[in-house]
Amino acid sequence: MNRTLAVTRLQLRKKLQLFIVPWLVLGSSFIINLLIAFISPQPDGEGFYTGGIASIFIYMMIYGIITYVQTFPFSLGLGIRRSDFYWGTALSATAVLFMSSLGLLLLSVIEGIWTNHWGVDLHFFDLPYWSDGPLLNRWWVPFALLLNLFWLGFMIGGYFKRFGKTGMLAATLVGIVVGTVGTYVITYNNWWPSIGEWFANRTMAEIALWTLPVTFVFAALTRLFVRRTTV
Amino acid sequence: MGPSMDDNRPIFVQIAERIEDDIIEGTLLEETQAPSTTHIAAFYRINPATAAKGVNLLVDEGILYKKRGIGMFVSTGARQIAVNKRKEQFYEQYIVAMIREAKRLGITVEQLKDMIQKGEVNP
Amino acid sequence: MTSIIEVIDLTKRYGAVVTVDRVSFKVEEHKIYGLLGRNGAGKTTIMHMLTAQQFVSSGEIRVFGEQPYENNNVLERICFIKESQKYPEHYTVRDVLDTAADVYRNWDRAYAMSLVGQFQLPLKRQIKKLSRGMLSAVGIIIGLASRAPLTIFDEPYLGLDAVSRQMFYDCLLADFAEHPRTVLLSTHLIDEVSNLLEHVLLIDGGKLLLDEEAETLRGRAYTISGPKAAVEVFASGRKVLDSQTLGGLTQMTIDNGPNGESGQDEATALGLSVAPVSLQQLCVSYMKRNTGSNKGEK
């Protein structure tokens with residue numbers, strides 16, 4: 001068997017963690033919100049909006065970190081090439097995220113179009129701005145964002161494995177400095193309004209498109225990290 | 001560890017000796033098949049290459065020979081070869097040592113001869 | 001004889017600390033090599049470099065004639081079992097074996113399953129819930145069933161009792177006889193494995209102290225004891241590995257050397273007491289000398 005495929009299979013072996021758990025987490029958030037919406041109906045026309053859907057995105061980011069940290073040493077120990085690990089995992093992640101975003105598409109359609117917001121005016125999967133535009137967006141937007149967050153997590157895992165705890169400390173400090181200085185510069189130059197305006201003028205689908213180059217950078221950096229990581 | 005090997009000497013030499021012992025005792029008869037290298041290695045829990053080395057030593061001495069496609073066999077006359085070899089070793093191992101120890105204790109050659117005769121009568 | 005591994009002046013440095021110091025050796029195919037030495041001597045680092053899991057500071061490595069880094073020609077023919085192997089969370093024994101089946105070309109599933117029975121491994125149990133001994137058994141099974149042309153075991157028996165360890169040695173020998181491969185077995189339990197080995201590589205303090213056929217090492221060294229003067233006279237001109245004195249009695253470990261004449265008989269003739277030295281004792285003596293000379297350097 002081709003070793004890249006061996007890695008893909010390695011990553012997909014634990015169906016529970018990959019498919020069941022994230023949806024359980026999302027599902028429980030959904031159920032809770034559904035109950036609340038049911039118990040305390042909103043004044044007519046206002047609807048009950050919630051950001052509970054974010055949980056699956058956060059899950060995928062954390063999953064990215066954990067996957068790298070746990071499966072890379074295993075893979076390396078089995079004598080699998082670093083590049084086979086990288087591409088094999090990229091393949092498995094893409095498949096999982098593709099399916100997940102299809103799931104989100106389906107749920108948003110059920111919510112918004114078929115069940116009229118579950119009969120209780122709950123907006124969980126079908127949200128304004130988020131679900132705007134053609135139906136394809138309801139797959140595309142989550143897919144792009146899940147990809148982005150997964151690779152962010154995977155990159156963090158890769159960075160940690162490459163540079164260790166000292167590296168993480170260094171990166172955190174640098175992050176704080178850059179964040180502080182950056183925020184100061186932006187505030188000083190009064191750029192916040194223009195930034196806000198830029199975002200407001202974009203559709204969610206466009207923003208999702210803009211995440212692609214960022215995702216690409218994460219993926220490229222991860223590739224660089226993995227090449228020089230040792231046991 | 002398998003049936004114990006001496007730390008003192010190479011294992012292959014000891015393997016050869018044990019096969020020789022069997023031949024001398026009559027447990028392993030001439031023109032019968034000797035145990036295979038794999039078998040020896042497994043029994044004594046040693047590396048197969050070491051077992052093979054021991055067997056080859058006996059082949060070199062003419063005690064064993066190879067029958068193509070079947071395995072190692074004990075040569076005709078192998079017992080005699082083995083016994084002769086042991087007789088030489090006997091001299092080195094026992095006689096020389098005995099004489100040395102006897103000298104140390106002040107036992108004369110005559111007294112040694114008496115002792116040997118005594119030993120033969122009352123073992 | 002083909003050289004499966006060729007290592008030339010291999011060195012590993014962590015900052016100022018040299019953990020592998022200009023080690024050179026060759027490993028020939030279809031033999032069982034013992035990579036012997038203390039914990040921390042550099043054996044594991046060498047094995048990590050052979051499998052490209054760790055990078056070389058200087059020197060050359062060739063495995064199957066090529067560089068191992070990111071090279072499937074090499075890596076697909078190696079199985080490296082180490083006691084510190086990490087497994088993914090929630091993976092069961094079966095999951096690990098299934099992964100190994102995907103990864104190792106020559107994987108023998110029937111053989112793996114029979115070993116699982118022999119070592120009594122619970123297939124459905126999670127790796128993290130296994131005892132140390134069972135965890136080692138997993139590694140051993142993978143190593144054996146992989147039938148990898150180069151199989152490397154790094155102290156694979158942690159937590160295994162003597163009976164299970166013997167089972168491992170027996171399985172290894174049996175499979176090696178039927179399906180020859182090149183085996184590198186790293187251990188500090190020298191006496192246990194000494195009969196299995198065809199060739200010995202002794203590493204201490206990052207240096208290669210011995211690189212010999214096991215059979216030439218057996219019986220090559222011996223201890224003599226007797227009156228101090230007599231022992232010293234005998235020992236002059238010979239290689240002394242170790243020396244101890246108690247009152248008027250001196251004990252020395254003498255090495256005949258690879259082609260040296262056997263001194264044992266002469267010593268006995270002189271009335272000195274002669275005792276055999278096992279492979280382990282020989283290695284220990286060499287290591288002591290090495291530590292002594294290292295201290296001298298500092």
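In the predicted model, chain A is built from 7 helices and 2 strands, and from the N terminus on these elements follow one another in the order α-α-β-α-α-β-α-α-α. Taken along the principal axes, the C-alpha atoms of chain A occupy a box of roughly 60 × 50 × 30 Å. Of the 231 residues of this chain, 34% count as buried. Among the contacts in chain A with a separation of 6 or more, 84% are made by residues 24 or more positions apart.

In soluble globular proteins, nonpolar side chains tend to be buried together. In the present model, the largest nonpolar core comprises 148 residues, of which Phe150(A), Tyr33(C) and Leu201(C) touch the most other members. The element that gives the most to this core is helix H5 of chain A, residues 137-188, with 13 residues. The surroundings of Tyr33(C) can be listed in detail: when residues up to four places away in sequence are not counted, Tyr33(C) touches Val27(C), Val183(C), Leu184(C), Leu185(C), Leu197(C), His199(C) and Leu201(C).

Chains A and C are also in contact with each other, and 22 residues from chain C and 22 residues from chain A take part. On the side of chain C that touches chain A, the elements that give two or more residues are helix H2 (72-75), strand E5 (78-82) and helix H3 (93-103) of chain C. By class, this side of chain C has 8 nonpolar, 8 polar and 6 charged residues.

Within chain C, the domain assignment gives domain 1, residues 3-215, and domain 2, residues 216-297. The centres of domain 1 and domain 2 of chain C, taken over C-alpha atoms, are separated by 33 Å, and 16 residues of domain 1 are in contact with 12 residues of domain 2. The side of domain 1 that touches domain 2 receives two or more residues from each of helix H7 (190-193), strand E8 (199-204), strand E9 (207-213) and helix H8 (214-217) of chain C. Of these elements, E9(C) supplies the largest share, 5 residues. Classified by residue type, this side of domain 1 of chain C has 7 nonpolar, 2 polar and 7 charged residues. A division into two domains is likewise assigned to chain B, with domain 1 at 11-78 and domain 2 at 89-121, and the C-alpha centres of these domains of chain B lie 34 Å apart.

An open sheet in chain C is formed by 4 strands in the order E11-E12-E10-E13, with antiparallel pairing. Strand E11 (239-246) and strand E13 (273-276) of chain C each have a single partner strand and therefore stand at the edges, so that one side of each is left without a neighbour in the sheet. From one strand to the next, the twist averages 20 degrees. Strand E10 of chain C, residues 221-227, is joined to E13(C) by 4 bridges, and the two strands run antiparallel; in this pairing, Thr223(C) has Ala275(C) in E13(C) as its bridge partner. Helix H9 of chain C, residues 228-235, packs on the sheet and touches E10, E11 and strand E12 (249-255) of chain C, while the direction of helix H9 makes about 145 degrees with that of E10(C).

Key. Residues numbered from 1 in each chain as written. Chains lettered and ligands numbered in written order. Predicted model: local features only at pLDDT ≥ 70, side-chain atom pairs only at ≥ 80, totals over all residues. Domains from an automatic or database assignment. Contact = placed C-beta atoms within 7 Å. Nonpolar A, V, L, I, M, F, W, Y, C, P; charged D, E, K, R; others polar. Pairing = 2+ DSSP bridges. Axes fitted to C-alpha atoms, helices over the stretch in contact; angles between N-to-C directions. Buried ≥ 20, exposed ≤ 12 C-beta atoms within 10 Å, placed from the backbone. Core = buried A, V, L, I, M, F, W, Y, C linked by C-beta atoms within 7 Å.
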